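I opened my notebook to look at one structure, step by step. Here is what I looked up.

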Amino acid sequence: MRRAPSLNLSGILINAAALVLVLSYALPYIYLLMTSIKPAADVQQIPPSFFPAVVSFENFREVLRSSTLPRAFVNSLIVAVLTTALSLSVAVPAAYVATQYRRRITTIFLLFALVTRMVPSVALGVPLFQLLKSLGLLDTIPGLVLAHTSAAVPLALLLMSAFFEGIPKELEEAARMDGCTRFQAFRKIVLPVMTGGIAVTALFTFITSWNEFLYALLLTSEATKTAPIVIAEYNSVYGLAWGAMTAAAVLYSLPVIIVTLALQKQIVGGLTFGAVKG
C-alpha cells in the first residue's frame, strides 16, 4: 500500500514566502492596471476602490488619440535600442579583455567603471548639456543616445565582467591550439557560450535607457522627448489626469515585459552561468 506523501512544512513556508514576495512586487502594478480601466469618475472616487465597478477603455483611447505620446513611444524605443546596441558593442569586448588578460591597467579600468556608477546623474546633466550643445547634438536622437550610453556602458561593463569571470581560460587556449586567432576564438567560442550573459546585460541596458528621465528632461524638447517626459506631463497645473497617466504607464511597461518574456530562457541561463563552477 502506497504511503501518502508527508506534509513538507518547510516547502509550504518557502512557497508562502515566495507568494508574499511576488504579490508585494506585483500589487502596485495590478493596482495601476485596475486604475487604467476605470471610468474617469471612478478614478477620482473617495475612498478609492481597488477593482473597477465598470471596465472602461476610455483612458487608453484618450492616450492613443494623443498626438505626442505615440511619437514619444517611438523616440523611447529608438533611443533604447540604439543605446543597447552601442553599449554592448563597447562593453562586451572591453569586459572580455579586462577579465581574461588581467593587468594593473585593466583593474584600474574596472574600478573606474564602478566609480562612475556612483556618480549621480544630476551631477552629469549640466556638463552633458553643454557638451552636446557645443557638438550641435542637443535635442537630437543621437545626442540622447550618447547621453544614455554614457550611463549604460559602466553597468554593462560590470555585468559582462562578472559573466566573463566564469569562463575557463582553457576554452580559448584549446581554440588557439586548433589554429584560431585570438579574435576567432572570441567570436566562435566565447561569444556563443556568453549568450545568456549578453541577454541579461542587454535587458538591463535596455531598461536603463527605457526608464531614464533626467537626461531626456534636460536634453530634449517637443520633437525628441521620450515617453517618461510625456507621461509626467499629465501632472499639470490643471490637475493630475490619473486615468490617462495610468493607461500610458501600462502601455509603456509592455515592451519591457515582452522583451523579458522573449529572452527568459537566455536570462535564466545567464543568471545561473558559472553557478556550478568549481
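Before I use any UniProt annotation, I remind myself that such annotations may be inferred rather than shown by experiment. I also note that this is a predicted model.

**Entry 1: annotated spans.** I found the UniProt annotation "transmembrane region", from an unreviewed entry, on residues 12–32, 72–96, 108–129, 141–164, 185–207 and 240–263. I checked two of these spans. Residues 141–164 are 100% helix and 0% strand, with end C-alpha atoms 32 Å apart. Residues 108–129 are 91% helix and 0% strand, and their end C-alpha atoms lie 28 Å apart.

**Entry 2: a surface patch.** I looked up L111, which sits in helix 5 (residues 104–118). Its relative accessible area is 52%, so L111 is exposed. Together with L114, V115 and M118, L111 forms a nonpolar surface patch of about 380 Å² accessible area.

**Entry 3: a buried threonine.** Is T84 buried or exposed? T84 has 9% relative accessibility, so I wrote it down as buried. T84 belongs to helix 4 (residues 69–100). Leaving out residues up to four places away in sequence, T84 touches A202, T205 and F206.

**Entry 4: the cores.** The largest nonpolar core has 21 residues, and V63, L69, W210, I231, Y234, A248 and Y252 touch the most other members. Helix 3 (58–65), helix 4, helix 10 (195–210), helix 12 (227–232) and helix 13 (242–262) each give two or more residues to this core. Helix 13 provides the largest share, seven residues. I then followed L69: beyond residues up to four places away in sequence, L69 touches V63, V230, I231, Y234 and A248. A second, separate core has 19 residues, including L157, M160, V190 and A202.

Note on methods. Residues numbered from 1 in each chain as written. Predicted model: local features only at pLDDT ≥ 70, side-chain atom pairs only at ≥ 80, totals over all residues. Heavy atoms only, no water. Helix = DSSP H or I, 4+ residues; strand = E, 2+ residues; numbered from the N terminus. Buried < 20%, exposed > 50% of the residue type's maximum accessible area, 1.4 Å probe, protein only. Contact = heavy atoms within 4.5 Å. Patch = residues over 30% accessible without salt bridge, like charges linked within 9 Å, V, L, I, M, F, W, Y side chains within 5 Å. Areas by Shrake-Rupley, 256 points an atom, 1.4 Å probe, with all protein chains shown as cover. Salt bridge = Lys/Arg side-chain N within 4 Å of Asp/Glu carboxyl O. Core = buried A, V, L, I, M, F, W, Y, C linked by side-chain atoms within 4.5 Å.
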